[in-house]
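Here's a quick briefing to read alongside the structure. Have a look at the model first, then work through the notes below.

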Amino acid sequence: MVSFILRRILVSILILIAASFLMYVMVGYSADPLQDLTSSNSPNKQQLINARVSLLDLDVPPPLRWVLWLGGVAKCAVPFANACDLGSTVSKAQVVDILPNALAATVQLVTFALVLAILLGVTIGIITALRQYSGLDNTVTFVSFFLYSLPAFLVAVLLKEFIAIGFNDFLRDPVIGGLALVVIGLVIGAIWQSLLGGDAKRRLVVFLVSGLATSGVLLLMSATGWFMHPGLGAIPIILLVAAIALGSATLLAGLRNRRALITAGINAAIALVAYFTLQPLFDISSAGTLFILALATAAVGLVSGFLAGGYDRGQNMRVGLVTALLSGAVVLLDRFMQSWGDLLTATNGRPIATVGSKTPGLSGDVWLGGLDAFAHLTLPTIALLLISFAGYTRYSRAGMLEVLSLDYIRTARAKGLPERTVIVRHAFRNMLIPLTTLVAFDVGALLGGAIITEKVFAIPGMGSLFNAGLQRGDLNPVMGYFLIVAAMAITFNFLADMAYAGLDPRVRIR
Amino acid sequence: MSTPTGLGATPPEIPADELAVASSVPESQGRLIWRRFVGNKVAVASVIILLLIILFSFSAIGIGPIPGWWQYGYKALNPQVNGGNPTLSLVPQFLGGNGISLGEHPFGQDRIGKDYFAMTMRGIQNSALVMVVLGLIATVVGVVVGAIAGYYRGTVDAILMRVTDVFIVIPALVIGSVVGHWFGALGAPVLAIMLGFFSWMGIARLVRGEFLSLREREFVEAARVAGASDMRIIFKHILPNAMGVVIVSATLIMASAILLETALSYLGYGIRSPDVSLGLLISSNQSAFQTRPWLFWWPGAFIVSLALLVNFVGDGLRDAFDPRHRRFKLSKMRETRPEPEPELETQP
């Protein structure tokens, strides 16, 4: 096992070095870092050219220059020496200094997009697999084909032009018209009835209830000016937390499992108590406090599940964890919403930004900053996640169908297990195994896709670093970008192989 | 989607695979697959519409020096008609419209008066060209690399697969940008060829996998005993059996080729002005979205339709070559499922 891992790491490093040579030579021969100087007509032109040639070693041909560059990169391997040297840009900034900020922006974007794409894609994939060849399944199949065929830049531009500008215009006079209410109600009702399924009567009831509820809530929100002063308030929070507790208990353990219900109830109660008592603490919170609170929430969920006992403690702990985290998220959401008014004033009433990753000159607490980041990153994240979302629905649908056709599922059904247990505990877990490989591939695709998204939304991340560097013929930032992206792709592939071997006992590591 | 031509004439609606099982005359593998593909209406309709669109674009503005039936070229400047608005009208007169007519500039004009219909057609031509050339080159390179690696195994396989790993580490858009930055100015054919040499990795891995299993089969052994050379075994005996994988993934490469070319042109690394690409049209008219939205909609609609049609064809081919994953139906199992019983967890 250890020798396998060591061998894999060694091979990965060699591949990375070879790929960097390929990339370096290609960019080196295609790019002209002197183009802005040769076309300038400043009096000391020759001097400037000479200075840049000596700064970037341009008199050395690219294959040999790569050796010099690699020597600088090799210094990164020395631990704690801080001797990394990735070269400098044409404007004499060190690549090592500009990488971290760009990296932070891109990692934020890609992580959210990846997590959301997996959550949504797998959920929808499973639901469509369970309702194979239904109207919902066919619709989702068509939509995912459509998304496969939709170029990322088109999505990004459309989101920017319609959603961002449309929503900001809507906020000027936030009243939803009668016709819009009816249409939204019909659409939401249709979606819910196809998701929940069942016979005609049940579908009709679901359609009416969900449609009317949606329209009603929207009417209430519109009439009370909710969009200008959003917030959840005590009663909606109690309802939401109760729904979360019931939902996670139903999904993970089934309603007949009393201990799971008790665990969910305890966590919901704790979340509500926290909501009423922690508000003063929230007002002085920083990102660090919130992180500690999140850890504490997770711990409470796990411990309460463990203490609730029963002979399946693992299941109770999962119920507790999910309930605690989701309820905590609702409480946080409410607190974030309270800062909405501040953001509206700071942005002149147009909060959803189309450019950049934060409002320039905005200073405020963690809530205002978080909300501002949300307003800036929502649309780029959506644009990015649509690239991989379709892939996850297709793979998880196919995977679920394949697993469901296996003999052990028939055995599970034959011995009388309820359908929930068959799907969640038997089929779902085995379906997840092949997805690990897809995730690894997807990370590379998302990092590449960030080039386009960052260009459309003018986010100063890794993608725009690459783009600007390539356009200026600036080799070192392009290579800095490549190094990070390729290393991430290789790491995720490696982790996926490890996870695969860990999850699937049939795969043996030699 | 409905079937547009001829196909509706086939009288009995029997699924292709059942028909094949029922008939007593044995059928060749190729005919079986062909029947399954023709039975898939969406895929057949997609092939026809795709060919029609491409034919339409080539006949409209011609190829190179040969002129087409459309009066304007994609480079010529024309006087502004109707403020550059599209003159295409599709609502017949008896419905209160202006009748079905193309008008002077059916897709409108851009800011400097170029005919947008001709530009869009040129963009479709370039997309089709890149799709076919890139797909062919990537397929040929991928098949050769994969076949040699899978057939010879051992050291050859290890070296070729490590080379594949080196190429696969770089995300497609990144390597595409660099290639496009280098060769984009030389025109669409050169760009397509060069991009093809950086898109073969997926197909090589798939073909290698197929070859690794096929080379152990008896018919390969028989060919070797009969004295066939390695090249003959690879290309005459094994490759025809791996054709399903090759054709399906070639189609999927073609679909992603369309998206790659438009994305590169959008970033400025693909096809350059004065030539036209659908991605370039969107990128250069993005700022005019509020005032002249049609400059955005036409190229966008054609990118999506081209890619969608190719994807449908690829899906139809996959089903024709590998109908296994269509056989299982959950709904049949559901009917025989017993009522849920009390859960295990609650029992003491």
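Predicted model: local features only at pLDDT ≥ 70, side-chain atom pairs only at ≥ 80, totals over all residues.

A residue counts as buried under 20% relative accessible area, exposed over 50% and partly exposed in between, using a 1.4 Å probe and protein chains only. Residues are numbered from 1 along each chain as its sequence is written, chains are lettered from A in the order in which they are written, and side-chain values use heavy atoms, with hydrogens and water left out.

**The two chains**

- Chain A has 20 helices and zero strands, while chain B has 15 helices and zero strands; helices (H or I, at least four residues) and strands (E, at least two) are DSSP runs, numbered from the N terminus.
- The C-alpha trace of chain A spans about 80 × 65 × 45 Å along its principal axes.

**Where the chains meet**

- On the chain A side, 65 residues are in contact (heavy atoms within 4.5 Å) with 53 residues of chain B.
- The two chains bury about 5,300 Å² between them, and carbon and sulfur atoms give 74% of that; buried area here is the accessible area (1.4 Å probe) that two parts lose on being put together, summed over both.
- In chain A, the residues losing the most area to chain B are A:Met26, A:Phe145 and A:Phe153, together 12% of what that side buries.
- Zero salt bridges run between chain A and chain B.

**Salt bridges**

- Over all chains the count is 15 salt bridges, each being a side-chain nitrogen of Lys or Arg within 4 Å of a carboxyl oxygen of Asp or Glu.
- A:Asp283 pairs with A:Arg335 in a salt bridge, with the closest N and O atoms 2.9 Å apart. A:Asp283 sits in helix α12 (residues 279-283) and A:Arg335 in helix α14 (residues 313-337), so the pair ties together parts of chain A that are 52 residues apart in sequence.
- A:Arg335 is buried at 7% relative accessible area, whereas A:Asp283 is partly exposed at 45%.
- A:Glu419 and A:Arg413 also form a salt bridge (2.9 Å, N to O); A:Glu419 is buried at 16%, and A:Arg413 is buried at 10%.
- In chain B, B:Asp157 and B:Arg208 meet at 2.6 Å, N to O, in a salt bridge. This pair links helix α5 (residues 154-169) to helix α8 (residues 201-214), 51 residues apart.
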